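Thanks for passing this one along.

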Amino acid sequence: MKTIKLLSLIILFPFFFMGQAPGSGQIAPAPQATKKQPMRDWLKLHDDVTHFYAGFFICMTASEITYYYTDQPGLSCLVGIGAGFTADVCKEFIHDKMLKKGVFSYDDLFMTAWGTVIGAMVERCWIDWRERKRNVEKFTQDYKKHLLD
C-alpha cells in the first residue's frame, strides 16, 4: 500500500506546481475565452502535461517489453530511458526544429525528459514489487512443501 501511495505522489508531483499563476502562489483560474486573456496559458499547461505523459508512457512501455524478454530490471530501465530520450530528441530537434513542422521548445524537451526519468523510477519500483511478491509466493510454497515432508 505504501508503494502505491508513493507512486501516485511521484506521478502527480508535477501537477502541484504547473497550474500556478506566475508570482501569485495560487492556482490559476479556469481558462476564460476573452479577447484580453487568451487561452495561451491553459494550452501551454496542457502541452506540458502531454509531453510529461508521452515520456512517461514511452519509457514504461519500452521497459516493460525489455523486462518481459530479458528479465533484467536494470537493463529494462536503461532501455526505457534510452527510448524516451531518443523519442524526445527526435521529436523536438528533427520534427520541430529541422523539418519546421512544429514549434521547437526547450520546455517541451525538459518535460518529456522529466516524464521519462519518472517513468524509469516508477518502472523500477514496479519491477521490485513484482519480484518481491514472486519471492514471497515461492517461499510460502517451499515452506508448505517442507512442512508436508
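**Notes on the model**

Tyr-69 counts as exposed because its relative accessibility is 66% (exposed is over 50%, buried under 20%, partly exposed in between, with a 1.4 Å probe and protein chains only). This is a predicted model, in which local features need pLDDT of at least 70 and side-chain atom pairs count only at pLDDT 80 or more, while totals for chains, interfaces and linings use all residues. Residues are numbered from 1 along each chain as its sequence is written, and side-chain values use heavy atoms, leaving out hydrogens and water.

1. Helix α2, residues 40-70, is where Tyr-69 is found (helices are DSSP runs of H or I, at least four residues, numbered from the N terminus).

2. Do look at the largest nonpolar core: Phe-52, Phe-56, Met-60, Met-111, Ile-118 and Val-122, six residues in all (buried nonpolar or Cys residues joined through side-chain atoms within 4.5 Å). Helices α2 and α4 (106-148) each supply at least two residues of this core.

3. Helix α3 has a kink of about 25 degrees centred on Cys-90 (the angle between axes fitted to the seven residues ending there and the seven starting there). Residues buried in α3 include Glu-92 and Asp-96.

4. Lys-91 forms a salt bridge with Asp-96, with the closest N and O atoms 2.7 Å apart (a Lys or Arg side-chain nitrogen within 4 Å of an Asp or Glu carboxyl oxygen). Glu-92 also forms a salt bridge with Lys-91, at 3.6 Å. Lys-91 itself is partly exposed, at 34% relative accessibility.
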